[in-house]
Amino acid sequence: MALGILLACLVAQPATAWAGDTFHVEHLQVKPQGETMSVSAQVVLGKLSLLKEILDQGVTLRWVAEAEWREPAPFDFLPGVGVRSRVERVWRLHYYPLTNQYALLDDGQEPQLFIHWSDLLAPLSEVRDLRLPVPHGAPRGAVALRVYVDVDALPLPLRLRALLGHWKLESEWTSSAVLP
């Protein structure tokens, strides 16, 4: 019976809930700096009303930027194959209803507070100076970057909705050109 209700809910969802990426990485820039690569990019944000609604209900979101050093290989289209190095930066997004402020919390730093939702979107729409270590002696490779909301950190009812495919809270991987 529960399966029947679940299937009915899935069928009743509008087609727009399934369409398109929530986020998209553009203008990926990679600069070698010693034993690391400095990764920067612009992020096009989508489904902003959904994210705002979740925050306004008191749920903390984990915003993640993840970068990988990938070796060019015949099987580079397979996820995880040829990945030599990976790093992620995590921020927590929170809304404080008593002060009517949004907070962007980066581990180890003071929280940034924003009065308006639109002010919070500016730092989310760019990844700056994400340091990706390059393994010593690594062959030529490319840097790939994606951003996403950590679905596993959502409360169970929201996690179920996200996992059942109603929301796509991640970007596709965007890769740089092959670097020496």
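A network of salt bridges links E66, E68, R70, R86, R146 and E170; a salt bridge here is a side-chain nitrogen of Lys or Arg within 4 Å of a carboxyl oxygen of Asp or Glu. The model is predicted, with local features needing pLDDT of at least 70 and side-chain atom pairs counting only at pLDDT 80 or more, while totals for chains, interfaces and linings use all residues. Residues are numbered from 1 along each chain as its sequence is written, and side-chain values use heavy atoms, with hydrogens and water left out.

E68 is buried at 2% relative accessible area, whereas R86 is partly exposed at 48%. Buried means under 20%, exposed over 50%, and partly exposed in between (1.4 Å probe, protein chains only).

The count of salt bridges comes to nine. Another one joins D150 and R62, at 2.3 Å from N to O. D150 lies in the loop between β8 (142–149) and α4, and R62 in strand β3 (residues 61–70), so the pair ties together parts 88 residues apart in sequence. D150 is buried, at 13%, and R62 is partly exposed, at 28%.

K52 and D56 also form a salt bridge, with their closest N and O atoms 2.7 Å apart. Both are in helix α2 (residues 48–56), four residues apart, so about one helical turn separates them.

Key:
Helix = DSSP H or I, 4+ residues; strand = E, 2+ residues; numbered from the N terminus.
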